[in-house]
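Please keep the picture at hand as you read.

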Amino acid sequence: MAPHRPAEHRRDAGPPKTGAGEREVLLGFLDHLRESVAAKAHGVPEPQVRAPGVASGTNLLGLVKHLTHVERHWLLGLPVADWAATFHPEPGESAEDVLRAYRETAARANEAVAACPDLAGAGPRPGGRPGPAPPLRWTLTHLVEETGRHAGHADILRELIDGATGR
């Protein structure tokens, strides 16, 4: 871990502006959280971006990679064989590559959500899960929760790396 530097304190951003409809609100908050996570990893040099910040081994780049797999699973229907492995970027994967994959996956996921006519209806079927897909409303709410949880982890990890705070 890098030596502690003076903290960069930024004013925290408020909630996102969204449209009035339920789909726009859910996607607006999800997009806001996605960008918060990506911003925490952006510009952090090697090896700090992948250095474990806590005893569990959690690191900034691993959080981004994990969230990429979460979205691919829940909104694009791709299976995940080993969830624990999704937290570990490969040595050859650069931060730029992982962040690009996350943003591309988010864009594809938003297209999949836009293609579903009704939030009460089944969304894309999660990869490898038996039975019917959950309602899209449930899936989007789950993704807001999951991404928000990991955005908080990213906040703490980034502050431990260089003292940067805020969104």
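In counting charges, Lys and Arg are taken as positive and Asp and Glu as negative, while His and the chain ends are left out. By that count, this predicted model has 19 positive and 21 negative side chains, and the centres of the two sets lie 1 Å apart.

Now look at the fold. The protein has four helices and zero strands, so its elements read α-α-α-α when followed from the N terminus. How does its size fit its length? A compact globule of 167 residues would have a radius of gyration near 15 Å, and the 16 Å of this protein agrees with that.

Here are some overall values for the protein:

| Property | Value |
|---|---|
| Span of the C-alpha trace along the principal axes | about 50 × 35 × 25 Å |
| Accessible surface | about 8700 Å² |
| Share of that surface from carbon and sulfur atoms | 58% |
| Buried share of the 167 residues | 43% |

Next, the inside. In soluble globular proteins, nonpolar side chains tend to be buried together. Here the largest nonpolar core has 19 residues, and Val-37, Ala-41, Val-49, Leu-60, Val-64 and Tyr-102 have the most contacts inside it. Helix 1 (22–41), helix 2 (60–76), helix 3 (95–115) and helix 4 (136–162) each give two or more residues to this core. Helix 2 gives the most, with five residues.

Which residues does Leu-60 touch? Leaving aside residues up to four places away in sequence, its partners include Lys-40, Ala-41, Val-49 and Ile-161. A second, separate core has 13 residues, among them Leu-26, Val-70, Ala-109 and Cys-116.

Conventions. Residues are numbered from 1 along each chain as its sequence is written. This is a predicted model: local features need pLDDT of at least 70, side-chain atom pairs count only at pLDDT 80 or more; totals for chains, interfaces and linings use all residues. Side-chain values use heavy atoms; hydrogens and water are left out. A nonpolar core is a set of buried Ala, Val, Leu, Ile, Met, Phe, Trp, Tyr and Cys residues joined through side-chain atoms within 4.5 Å. Buried means under 20% relative accessible area, exposed over 50%, partly exposed in between (1.4 Å probe, protein chains only). Contact means heavy atoms within 4.5 Å. The radius of gyration is taken over C-alpha atoms; the globule rule is 2.2 Å times the number of residues to the power 0.38. Accessible areas come from the Shrake-Rupley method with a 1.4 Å probe; for residues, only the protein chains shown count as cover. The place of a charge is taken as NZ of Lys, CZ of Arg, CG of Asp or CD of Glu.
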